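Welcome! Take a moment to look over the sequence and the model, and then let us walk through them together.

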Amino acid sequence: MHNSIPKSNILETIKKRYSCRKYLPEPVSQEHQDLLAQAVRWAPSACNRQPYNFLFITDRDTIEAISKAVPTGPESINAWIATAPLIVAAVGRPELFWHKLTQVIDKDYHRTDAAIAMDHLSLVATELGLGTCWVGWFHRKKVGRILDVGRGDETIILMTVGYPDKEAPRAKIRKELDELIVNR
Ligand SMILES: Cc1cc2nc3c(=O)[nH]c(=O)nc-3n(C[C@H](O)[C@H](O)[C@H](O)COP(=O)(O)O)c2cc1C
C-alpha cells in the first residue's frame, strides 16, 4: 500500500507562497537565479518537447517598460511591477512542439508546459525566501516587442521575483474542499 506520508514540506511551501507586490531593491543573487533556472529546467512537458524559453530580465529600463505595457486601463495599474528586481518571462515556442502524436493531442501544450515550469519556479523561490507574483495582465504584443520575442513565439506569462518588502498580509481565500473536489 502506498499510503505513507512523505516527510517533504512541499505542501507547506505551497501554502506559504503568496502574491508579493512590493519588493526590496536588492537584486536577486546569482546563486538564487541559478536555482530558479534549475526549477524550470526540471519541469515536465508534453512529450518532453520543452517548447519554451525563460527570459530572466533584470534591466531596469526593460522592467519599467513592461510595467507600463498594460492591455487597457491606466498604466499605473501595474506600477508595482517596476519594484521587482527580476521578471521572468515564459516564452512559448509552438514550433518546437512537433511530435508524431501532435495530430491527436492538443497543440496548446506549450502554455500548459510553461505554467508548470513557472509554478515550479515560484515554489523554489518561496523556499529561498523570495517573493513572486504571476502577471497575466499585460499587453502581449507590446511586451513581445519590448523583449524582442521571435515571430510565432508567445509571451505566455510573466512572474515578478524579488526579496519581499513589508506588505500588509492578505488573507488566503480558497474554495472549501467539498466545493473543489468531486469524487466520481
Ligand atoms: C495566471 C495568473 C495571472 C495573474 N495575473 C496577475 C496580474 O496581472 N496582476 C496581479 O497583481 N496579480 C495577478 N495574479 C495573482 C492572483 O491575483 C493571485 O494569485 C490570487 O489572487 C491568489 O492570491 P495568492 O497568490 O496570494 O495566493 C495572477 C495569478 C495567476 C495564476
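**A guided walk through the model**

His-32 touches Leu-128, Leu-130 and Tyr-163, leaving aside residues up to four places away in sequence; a contact here means heavy atoms within 4.5 Å. His-32 itself sits in helix H2, residues 30-41. Helices (H or I, at least four residues) and strands (E, at least two) are DSSP runs, numbered from the N terminus. Because its relative accessibility is 16%, His-32 counts as buried; buried means under 20% relative accessible area, exposed over 50%, and partly exposed in between, with a 1.4 Å probe and protein chains only.

Before going on, please keep in mind that this is a predicted model, in which local features need pLDDT of at least 70, side-chain atom pairs count only at pLDDT 80 or more, and totals for chains, interfaces and linings use all residues. Residues are numbered from 1 along each chain as its sequence is written, and side-chain values use heavy atoms, with hydrogens and water left out.

Now for the charged pairs. The structure holds six salt bridges, each a side-chain nitrogen of Lys or Arg within 4 Å of a carboxyl oxygen of Asp or Glu. One of them joins the side chains of Lys-68 and Glu-64, at 3.9 Å from N to O. These two residues are four apart in helix H3 (residues 60-68), so about one helical turn separates them. Lys-68 is partly exposed at 43% relative accessibility, and Glu-64 is partly exposed at 35%.

Next, find Arg-93, which is partly exposed at 24% relative accessibility. Arg-93 forms a salt bridge with Glu-95, with the closest N and O atoms 3.2 Å apart. Arg-93 also forms a salt bridge with Asp-153, where the closest N and O atoms are 3.7 Å apart. That pair links distant parts of the chain, 60 residues apart: Arg-93 is in the loop between strand S2 (86-92) and helix H4 (109-127), and Asp-153 is in the loop between helix H5 (140-146) and strand S4 (154-162). Through shared partners, the salt bridges join Arg-93, Glu-95 and Asp-153 into one network.

Finally, turn to the ligand. It is surrounded by 13 residues, the closest being Ser-19, Arg-21, Gly-136, Lys-172 and Arg-174; a residue belongs here if one of its heavy atoms lies within 4 Å of the ligand. A polar side-chain atom of Arg-21 lies 2.7 Å from a ligand oxygen atom, while a backbone N or O atom of Gly-136 lies 2.9 Å from a ligand nitrogen atom.

Conventions
Polar contact = N/O pair within 3.5 Å; in protein donor to acceptor, adjacent residues only side chain to side chain.
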